[in-house]
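Hello,

Here is the structure I promised to hand over. My notes follow below it.

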Amino acid sequence: MTKSLPTPAGFAAAAGAGVVLTVLLDMALLAPAALAIGVVAAFAVAVLFVGSSTADADSGIHRAVVAPVALVLAVLVGLFTGLVADLWLIEPVAYAIGALVGGTASAALYRGLATQLALAFAAVAAAGALALGITALVLYVTGVDPLSTFARMTDYGTQPNSLVTVVNTGTTYYLSAVAVAVGFRMNLFNIGVDGQYRLAALLAAAVGGAFVLPPGLHQLVIILVAVAVGGFWAGIAGWLKVTRGVSEVISTIMLNAIATGVTAYLLNTNRLAVEIGTNNIGTRPIAESGWVPGIPGGFMGAGREIFGLTLLAVAVGVGYWWLLNRTRFGFELRATGQSATAAQASGVNVKKMVVVSMVISGMVAGLVGMPQLLGASHYYALDFPVGLGFTGIAIALLGRNHPVGIAAAALFWSFLNQSSQILDIDGIPKEIAVVTQATMVLTIVVVYELVHRWGRRYQQRQVGRELGRERVAAS
Amino acid sequence: MSGTDTASGAAPPAVELRGITKRFPGVVANHDINITVGAGTVHAIVGENGAGKSTLMKTLYGMHQPDEGSIAVNGGTVRLNSPSDAIKHGIGMVHQHFMLADNLTVLENVVLGAEGLHGIGSRARARIEELSAQYGLGVRPRRLMEELGVGDRQRVEILKVLYRGARIVILDEPTAVLVPQEVDELFDNLRELKREGLTVIFISHKLDEVLSVADEITVIRRGTTVATADPARTTARELATLMVGGQLPVPELRESTVTDRMVLQIQDLTVAAPDGRPVVDGVSLSIRAGEIVGIAGVEGNGQSELIEAVMGMRPVARGRILLAGEPVTGWSTRAVREAGVGYIPEDRHRHGLLLESPLWENRVLGHQTQPPNAKGPLIDRAGARADTERIVAEFDVRTPGIDVQADALSGGNQQKLIVGREMSNDPKVIVAAHPTRGVDVGAQAAIWDQLRAARAKGLAVLLVSADLDELIGMSDTLHVILRGRLVAEADPGAVTPEQLGSAMTGAGLDPADTSADDSGPATEDEAGA
């Protein structure tokens, strides 16, 4: 690829071309269309003047995979920015900003996107398409028109109130998936997130309902109780594994059953529960000093509120990333997950790591019920959401244990759940969303593994090629 | 062993490999291999570690397909897509590492997976006894596998192959796990197989053994066949030159740098196996600054356990370990490492590397608590990366960058990275287990250079190796370990590999006994400590 401009100038040229074209086309076309064309133009500028900095820039696979993936991603980034900015600003300005971001992204992506990562994105898109295809087939076979069904779902799912629900459910999914992912990175399979969060939410709700504390302190105490209970419950499984050699898969499943029993025992009017409405019992409601206010959804035209603890989920995601990638503890955790023998020879106390990471997983699991408890229901009752722990496993798999990947997967999962609610009205079974989710998990897990193996081989080939070139140059 | 009645003219060759090429990313695989194995012969394939012998045998056994070239068995071209295809064509393989279930009987192990041939009952037993008698294997089908020694296990593996109808038997490094007497027994078995008309393909890098048993020898170097030799008309020296294609790097030390400052002292160290039996039994040795102490022994005599005990990876049952006068017995691996012990592990893939992590993270591994890799509880990425660049440059690790995954590098470069890592962080002691196992000649010479440099800098080095030339050439002091005990101390300046070899099997070390060609049977098992 030619590279005739210095990199910053190339970036500026690409972004500038995108903005100018978008603004001009905006007069003739719909804003999103103008923006898409603008970003494509910016991408062309980037290809011509910025070039790619990756080692394999001139290989066929790079041209075939990286360029289209970078283009699609840049357009998506631009469109998303434009849509969000459009909520506050007037349309021409919003989409000009979108074009600016999209144009810069196209230059940056084309320059830096590694082949393997591009292929992973392509693979996810392919898996998504496959899952949708299978869902469409199922719909078609059962005599429902797939296209109109999808249109109905998209239409309903993108309404402002639906979007708020998507974010709220996605928040709990996210926490649950991060809890599972902490274990996965250690090669531990914490199936017990479900029991951990339910027990934690029950006890935290009971403690929160029993006292009135000053605002701030009240929420903190409730959350700390939840974290402690979750960590303790998961820690049992970790302790059993290192002292008795019990597989954590077995022990966490059993602890789920025990948690169910303990919850049922405690949630009784003779013990922690009081009557709440008709046919429902729950813990004593938490006083208002212990609530976490929601974020009003008015800015996106919604009447509902986004859970305030969504910000906590974001913080957990950032903390998870920071812990794993920046700290010694995270390094040892990843090393143990990759090779316990190598970790041991490197001075890692593997048994301690098992217990500690299990406890951390449980502590995050303890948070799963908090957005719902402190943001909406304010008590733990018979109708408290269940099964979030198992959803978390699927989402952690989909998101490949990466904090950003998990966020995307959680929102997608939650979007499917929410958008399928409309189908009941049309007499279409809403379980169709489950078909999509399940095929998505299956195909993505398989596809990731294929891409991963291919990536390893690809890198080995690259290294061989590069060293061969060196040798020729040296001789 | 020039058999006079080996097939020469009429019968087609048992195996004929023509132009076999197998490409693997980044490593030497096979390139234009041509081998003809006569029916009813023992054909040896020799080459140094990493020359591509095992790759070739996996091709012949159908474990992977060649990219180019053809395989003919008994004159007909075949395509082997899986080991079961190979078995159908009468090719069987005895792997270097036995694939036997300890808690089953010999009979059960043999019929496992071949139940369809003769059932699992008396018919199968009769067949096993018949084969055992026919080939003089002495295998008794009712014995429990865990009661059998290494030699017996190998015979069971051979019998498994014969039971499945193999007429061509591949043995991958069969003598690596055997002591000399067992090697002799194995060779008797091989001659028996040949007498019964079977073809044996024998892979090894031990030239003396090859010369004594083979009818024909093919030498492989850097993935390709370089020569075919007649054992009657060649010498070990000539074969060695063919194997490495030029001058071998020589392990040797120059003037002594040994000081009188004790750095590592091991006193009466005993390590127990899970069943309570001592695997390291009352070992005492000391290493001074600037000294390399070698441990010679047949694998499985306690060397690995000794090293793991020193590294804090195994509990010590009795005894003391002192590092620069300070007791470190029972310390955790991390504490031992932080105190200044570098560790080059025996199995770099299991203990030395995170294969799917970039090189700079592998630089951090094992030193994750020390600068330049860490700042308090945080990983110092910039420091670790800069130091990895230094190691790559200083230790000549051939890589395009420090962000490639460790498993993209060849074995020699992986090992150079490990050596470089362990030499960093100012160690006092280097514990090196088989530091040049499975690496190419260039990397071997570089690693020896680094060990010499460490010694010159005043480090104490504990060296365990199966390569006797390496041990004799690189050690200032040499101990022999047998069944967990140090049974002899040899002078590396005077001892020969033959003498060392016999001491390793318990025959004792007698410096007076210097008859050149006598590596014969051990006379007396005197395990004097």
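**Where chain A meets chain B**

Start with one pair of side chains: Arg456(A) and Glu356(B) form a salt bridge, with 2.6 Å from N to O. Please keep in mind that this is a predicted model.

That pair sits in a wider set. The rule finds 4 salt bridges across the interface of chain A and chain B. Polar contacts between the two chains come to 17 residue pairs, with both residues at pLDDT 80 or more.

Which elements of chain A give two or more residues to the side that touches chain B? They are helices H11 (310-326), H12 (328-338), H13 (340-345) and H18 (432-474) of chain A. H18(A) gives the most, with 10 residues. By class, this side of chain A has 12 polar, 8 nonpolar and 8 charged residues.

Now the extent of the interface. Chain A puts 28 residues into the contact, and chain B puts in 36 residues. Interface size is often given as the accessible area lost when the parts come together. Here, the area buried between chain A and chain B is about 3000 Å². Carbon and sulfur atoms give 54% of that area.

Last, the layout of chain A. It is divided into three parts: domain 1 (7-113), domain 2 (120-144 + 434-475) and domain 3 (161-427). The centres of domain 1 and domain 3 of chain A, taken over C-alpha atoms, are separated by 38 Å.

Best wishes

Methods
Residues numbered from 1 in each chain as written. Chains lettered and ligands numbered in written order. Predicted model: local features only at pLDDT ≥ 70, side-chain atom pairs only at ≥ 80, totals over all residues. Heavy atoms only, no water. Contact = heavy atoms within 4.5 Å. Buried area = accessible area lost by both parts, 1.4 Å probe. Polar contact = N/O pair within 3.5 Å; in protein donor to acceptor, adjacent residues only side chain to side chain. Helix = DSSP H or I, 4+ residues; strand = E, 2+ residues; numbered from the N terminus. Nonpolar A, V, L, I, M, F, W, Y, C, P; charged D, E, K, R; others polar. Domains from an automatic or database assignment.
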